[in-house]
Amino acid sequence: MILRVVSLNKKYQHIDGEVDALKDVNFDVNQGDFVTITGSSGSGKTTLLLTLAGLIKSTSGIILFKDFRIDKATDGQLSAFRKNNVGFVMQSFALIPYLTAIENVMLPLAIFNRPKAQKYNAALELLQLVGLDNRKNHLPKELSAGQQQRVAIARALVNNPSLILADEPTGNLDPSLSADILNLLKKINREKKVTMLMVTHSPAAAEFGNTRIHLQNGRIDNIFSKEIKMNLEAVIN
Amino acid sequence: MNVQKLVWLEFKQHKSQLISGLLAITLGIAVIVGIRSISVVSEKAVAINLDNLGANILVLPQASNVDNYYSADIDAPTFPEEYVERIATSTIAGVDNMSPKLTRRITINGQKYVLTGILPKNELASKPIWQNSGLFGAELQASCGESPVNEDLGYKDEKLQRKSVDSLAMDDCMMGSSAAQRLTAKEGESVVIEGKTFKVAKVLSETGTIDDDRIFAHLHAVQDLLGIKDQVSAIEIMGCCNAISDGLLGKLRNILPDTRITTIGQIVSTQIQTNKMMNKVSFVFLIIIIFVGGISIGNFMWANVNERRKEIGMFRMIGFSKTIIYQMLLAKAFILGILGGVIGYIIGTAAAMWLGPEFAGLTVNAIPALIFISLLISIAVSLIGAIIPAYLAGKIDPFNNMQEG
Ligand SMILES: Nc1ncnc2c1ncn2[C@@H]1O[C@H](COP(=O)(O)OP(=O)(O)O)[C@@H](O)[C@H]1O
Ligand SMILES: [Mg+2]
């Protein structure tokens, strides 16, 4: 087990009153899982992802990454945790406009003390993986939307994370590009054994997960696991 | 890719915006450097033995500018050379020595020099009418001895202006060290001044004053050359201390109409006041740039941070700690500080070197040591100005990136 969430609650303070964004959320994620999180807009998907990354403080509950208490960690500990264990993929790509593709991929390594060539080669290898090594010196604005998201995925992988958090990674892409990106994420999940948590709107995309969480008004109203299903089928038969 | 590289790439990206952030600090540094460069020269000019000068009287035209002792006679209006005779033939006692001068700025090969016509001792003495007046016999030390204090400090008034020259031919000239250097003229060689050829009779040793840029020639040759016949711009008089306190200045004023008669000591002390004021002005400027420069750098950095909110949020997201964000912004401020210091130094020095000769008649040299002070002030001000924006940048929510649709 890589991630355990117990009785997680998140209340936002707002001038219009409190918002219960997450209510009593419980689930476990195993190493190598591909978890998809669905739910209508405002159901708390993004909040859940950000809380898991330690980017938002939870109101109560426990979040464990291996044996690290994310809910209790300091800002510095959380920075180190993200630096070493987490990769992010965002709907808006969030590439740095003045950096080339390969520089964007190398960005997370800027705070690692490693030889220059090693950083460069790691980034180049990942650009090859996402099929963009021939665009390494292009600026984001010189790339298509699908290509930009591929660069962002390469960037999410460069620090060899055990966990990738993706918030609607295909939200800004048309369907055929979406399928490419989803297949790429699946390939990474399978080949690199990276645990994947992906928020998505689309039911088709949710099919990629072996664990599927559905949120409604901040609560998990349905959790589906292929393994449990298989085990149940085995028991029944 | 490391953090320094990242700062540098961002810096290069936004270099067109730099001018607004750097303007105040650069101009502030330029003003301080400019004032300092000029006042160093003018402080040098007064670093002379005041006691020795106490007995020196300067006769200048009424309209001349006496703010600066070394340039008081440059381009001043003129009065008749005949005044020398008037003093010599008067019954005024206590005048020991006289030296009439005509000084004008000239250009040789596009460069500026100061040409001063002087009358050598032998010529003054040879005028029969003065022979009886006993003007040139006595040495001055008797009446105006050197102060032992100054001797201890090692002051020696070796500036040529104060010394009389025994003889000077009509086509001879003497050159200040820096003038000789600029003209690459050596003793014995000849040089063309305003169309006339002069032989360089002597290259004078360096004094650190405007004298270094002067070329001295015979008064009458200079008068001919410049077409200012029988006119001089100053007469220096050695007077005895006792005579000065007995009202020598007033007596001279009576016989020399339309002149301004003052002791060099007075001029020098006026100049010391001016220098003190310049130092005060640069202190005030220092305070101003610390405020205006710091605020304008802070404002620039804050605009930069705001523009890059998403970017900084991204950095935080991928594990950059607050400390690294602070470091990145302070590193940027540091680069700004270096730029402000260097550019300010260059502008200030250039302005002083151009304005000094133009307005104050002082030859201003670049003072390399000022670059360190410029950098120090500029970097300190930039860093101070960037503290608040850097602190606020550390507070940027890392998740802005995720929440917008
Ligand atoms: N910073 C915030 N302050 C107050 N309320 C917020 C804030 N961010 C999100 N919310 C509220 O929390 C709920 C969950 O939001 P979010 O996690 O973004 O939903 P989703 O990603 O599923 O669309 C919504 O009702 C939203 O309005
Ligand atoms: Mg969302």
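Which residues are linked with B:Glu10 in a network of salt bridges? Select B:Arg308, B:Glu311 and B:Lys332 together with B:Glu10, and the network is on screen. This is a predicted model, and over all its chains there are 13 salt bridges.

**The interface**

Next, show chain A against chain B. On the chain A side 31 residues are in contact, and on the chain B side 27. About 2,500 Å² is buried between the two chains, with carbon and sulfur atoms giving 68% of that area.

One salt bridge crosses this interface. To find it, select A:Asp75 and B:Arg316, whose side chains meet at 2.9 Å, N to O.

Now colour the elements of chain A that give two or more residues to the side touching chain B: helices H1 (45–52), H2 (75–85), H3 (101–106) and H4 (116–129), and strands S6 (86–90) and S7 (163–167). H2(A) gives the most, with four residues. By type, the residues on this side of chain A are 18 nonpolar, five polar and eight charged.

**The nonpolar cores**

Move to the largest nonpolar core, which has 112 residues. Select A:Ile37, A:Leu48, A:Ile153, A:Leu197, B:Phe315 and B:Phe320, the members that touch the most others. Helix H14 (residues 322–360) of chain B supplies the largest share of this core, seven residues.

Centre on A:Ile153. Beyond its neighbours within four places in sequence, A:Ile153 is in contact with A:Val89, A:Val130, A:Ile181, A:Leu184, A:Leu185 and A:Ile188.

**Salt bridges within a chain**

In chain A, select A:Asp28 and A:Arg4, which form a salt bridge with the closest N and O atoms 2.9 Å apart. The pair joins strand S2 (residues 19–29), which holds A:Asp28, to strand S1 (residues 3–12), which holds A:Arg4; they are 24 residues apart. A:Asp28 is partly exposed at 36% relative accessibility, and A:Arg4 is partly exposed at 35%.

Then select A:Asp20 and A:Lys11, a salt bridge with its closest N and O atoms 3.5 Å apart. A:Asp20 is partly exposed at 36%, as A:Lys11 is at 31%.

Finish in chain B with B:Asp213 and B:Arg182, whose side chains meet in a salt bridge at 2.5 Å, N to O. B:Asp213 lies in the loop between strands S7 (196–203) and S8 (214–218), and B:Arg182 in helix H8 (residues 177–182), 31 residues apart. Is B:Asp213 buried or exposed? B:Asp213 counts as buried because its relative accessibility is 3%, under the 20% cut-off. B:Arg182, at 31%, is partly exposed.

Note on methods
Residues numbered from 1 in each chain as written. Chains lettered and ligands numbered in written order. Predicted model: local features only at pLDDT ≥ 70, side-chain atom pairs only at ≥ 80, totals over all residues. Heavy atoms only, no water. Contact = heavy atoms within 4.5 Å. Buried area = accessible area lost by both parts, 1.4 Å probe. Salt bridge = Lys/Arg side-chain N within 4 Å of Asp/Glu carboxyl O. Nonpolar A, V, L, I, M, F, W, Y, C, P; charged D, E, K, R; others polar. Core = buried A, V, L, I, M, F, W, Y, C linked by side-chain atoms within 4.5 Å. Buried < 20%, exposed > 50% of the residue type's maximum accessible area, 1.4 Å probe, protein only.
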